[in-house]
Amino acid sequence: MTHNILDVLTYMFDYLFEEAEQDNAHEINDSELKAHLSEAGFDVAGIDKALSWLENIATLQDGKIKPFDLINQTSMRIYTEAEQSKLDSKARGFLLFMENVGQLDANQREMIIEQVMSLGDTGIDLEDLKWVVMMVLGNSTDGEISAQWLESIVFLDENRTLQ
C-alpha cells in the first residue's frame, strides 16, 4: 500500500465504521478525527494530505469538475504511459470489469484514475485500487450503491466472481 494517503484513509475508515457501530448518534468532528489519527502514529502532513484527497473527491462529486460529457457510451479508454505505470493490467482490467457490470460510469472511472494519479509516484496494486474505488463510489451521488456491495469489492477473493 502507498505508505501515506491510503494508509491514513483505510485506517480512518476502519475507525469511523467502528465508531458508527458503537454509537451512531455521536458525530466525530475534524479535530477529534485528526487527534485520533495522530495518536495512531500518522504524521500531520499525511493526515492533511489524506483529508485533502477526500475533499477532492467531494469537489468532483459536486459537479464542479466534470471530466467529459457522456455523449458516446461506446468509446474506449486509452491510458497514458504515466497511468499505465501507475495502474497495472489487473487494475485497468478491474476498472473495465466494473464498467461492464454497470457499477461504474465513465465519469466515475475518470475520478478514480485522477485520484489514483494524485497518490504520488509509486504504482498501486489491485487491493489499493479497490479501496480507491470504494471511497469514490461511496461518496458518489450518482446512484444507489449498497455498503455491503462496496465492502465486497474491497474484500473480494480474486478467484471468486462478483454477484
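Me: At what angle do α1 and α2 pack?
Reply: This is a predicted model. In it, the axes of α1 and α2 lie 11 Å apart. The crossing of the pair is right-handed. The packing angle is about 115°.

Me: Which residues of α2 does α1 meet?
Reply: α1 brings V8, Y11, M12, Y15 and L16 to this contact. By class, the contact holds seven nonpolar residues, one polar and no charged.

Me: Is α1 parallel or oblique to α7?
Reply: The axes of α1 and α7 come within 11 Å. They cross at roughly 55°. Angles from 65 to 115 degrees would count as roughly perpendicular and those under 35 as roughly parallel, so this pair falls in the remaining class. α1 is therefore oblique to α7.

Me: What is the hand of the crossing where α1 passes α7?
Reply: In α1, the residues at the contact are L6, L9, T10, F13 and D14. They meet D128, W131, V132 and M135 in α7. The contact has six nonpolar, one polar and two charged residues. The crossing of α1 past α7 is left-handed.

Me: How many helices and strands does the protein have?
Reply: From the N terminus on, the elements run α-α-α-α-α-α-α-α. The count is eight helices and zero strands.

Me: Which element gives the most to the largest nonpolar core?
Reply: The core has 39 residues. L9, W53, L87, L95, I112 and L129 have the most contacts inside it. Elements that give two or more residues are α1, α2, α3, α5, α6 and α7. With nine residues, the top contributor is α7.

Me: Which residues does I112 contact, leaving aside its neighbours within four places in sequence?
Reply: I112 is one of the residues with the most contacts inside the largest nonpolar core. In soluble globular proteins, nonpolar side chains tend to be buried together. The partners of I112, apart from those neighbours, are L95, L104, L129, V132, V133 and V136.

Me: Is Q115 buried or exposed?
Reply: Q115 sits in helix α6. Setting aside neighbours within four places in sequence, Q115 touches W53, N56, I57, L60, V132 and V136. Its relative accessible area is 0%, so Q115 is buried.

Me: Where does L119 lie, and why does L119 count as buried?
Reply: L119 is in the loop between α6 and α7. The cut-off for buried is under 20% relative accessible area. L119 counts as buried because its relative accessibility is 4%.

Me: How far apart in space are L119 and L6?
Reply: L119 and L6 are 113 residues apart in sequence. L6 is among the contacts of L119 beyond four places in sequence, along with N4, I5, W53, K86, I124 and V132. From C-alpha to C-alpha, L119 and L6 are 8.0 Å apart.

Me: What percentage of the residues in the protein is buried?
Reply: The protein has 163 residues. Q115 and L119 are among the buried ones. Buried residues make up 37%.

Terms used
Residues numbered from 1 in each chain as written. Predicted model: local features only at pLDDT ≥ 70, side-chain atom pairs only at ≥ 80, totals over all residues. Heavy atoms only, no water. Core = buried A, V, L, I, M, F, W, Y, C linked by side-chain atoms within 4.5 Å. Buried < 20%, exposed > 50% of the residue type's maximum accessible area, 1.4 Å probe, protein only. Helix = DSSP H or I, 4+ residues; strand = E, 2+ residues; numbered from the N terminus. Contact = heavy atoms within 4.5 Å. Axes fitted to C-alpha atoms, helices over the stretch in contact; angles between N-to-C directions. Parallel < 35°, antiparallel > 145°, perpendicular 65-115°, else oblique. Left-handed = near helix turned anticlockwise from the far one by under 90°. Nonpolar A, V, L, I, M, F, W, Y, C, P; charged D, E, K, R; others polar.
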